[in-house]
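This short report looks at charged pairs and at one part of the surface. Please keep the sequence and the structure in view while reading.

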Amino acid sequence: MTEQLSADQVAAALTRATAALIKARDRLNVADAHLGDGDTGTMLERAARAVINVISSADFATPADLLRNSGHAIARDTGSSLGTLIAIGLRGAAQNLGDR
């Protein structure tokens, strides 16, 4: 039998991940500027802040709710192709979890 994570545990993991993304914004922008338009760090910061807002709202009862709501928030707040891909991934993970 596998152990299931609680919504609070997933929120804690996402909080750590979002903090790392926000901290890395400038380095990611510099790296992206060599191959692209130099805004990947800024977009990932917007995505991270969208997730933080979902966590702060406490509008989730299960890990699936948290991932789904985070995906919707990222899609709404980033307006980028990478944000869309992240949102699709989070919503797909939520769908896979079902009601868990």
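## A pair within helix 4

With which residue does the side chain of R68 meet in a salt bridge? The model shown here is a predicted one, and in this model the side chain of R68 meets that of D65 in a salt bridge, with a distance of 3.1 Å from N to O. Because R68 and D65 are three residues apart in helix 4, about one helical turn separates them.

In general terms, side chains of opposite charge can pair when their charged atoms come close.

## D77 and its surroundings

D77 also has its place in helix 4, which covers residues 63-78. The side chain of D77 forms a salt bridge with that of R76, at 2.8 Å from N to O, and a polar contact of 2.8 Å likewise joins these two side chains. With a relative accessible area of 30%, D77 is partly exposed, whereas R76, at 62% relative accessibility, counts as exposed because the limit for that class is over 50%.

If neighbours within four places in sequence are left aside, D77 is in contact with R46 and A50. D77 and G92, by comparison, are 15 residues apart in sequence, and their C-alpha atoms lie 18 Å apart in space.

## Salt bridges in the whole model

How many salt bridges does the count come to? The count comes to five salt bridges, and one of them is made by the side chains of R25 and D26, with 3.1 Å between N and O. R25 is partly exposed, with a relative accessible area of 28%, and D26, at 49% relative accessibility, counts as partly exposed too.

The side chains of D77 and R76, described above, meet in a salt bridge of their own. Elsewhere, salt bridges that share partners join R25, D26, E45 and R49 into one network.

I88 is found in helix 5, which covers residues 81-97. At 49% relative accessibility, I88 counts as partly exposed, because a residue counts as exposed when its relative accessible area is over 50%.

Key:
Residues numbered from 1 in each chain as written. Predicted model: local features only at pLDDT ≥ 70, side-chain atom pairs only at ≥ 80, totals over all residues. Heavy atoms only, no water. Helix = DSSP H or I, 4+ residues; strand = E, 2+ residues; numbered from the N terminus. Buried < 20%, exposed > 50% of the residue type's maximum accessible area, 1.4 Å probe, protein only. Contact = heavy atoms within 4.5 Å. Polar contact = N/O pair within 3.5 Å; in protein donor to acceptor, adjacent residues only side chain to side chain. Salt bridge = Lys/Arg side-chain N within 4 Å of Asp/Glu carboxyl O.
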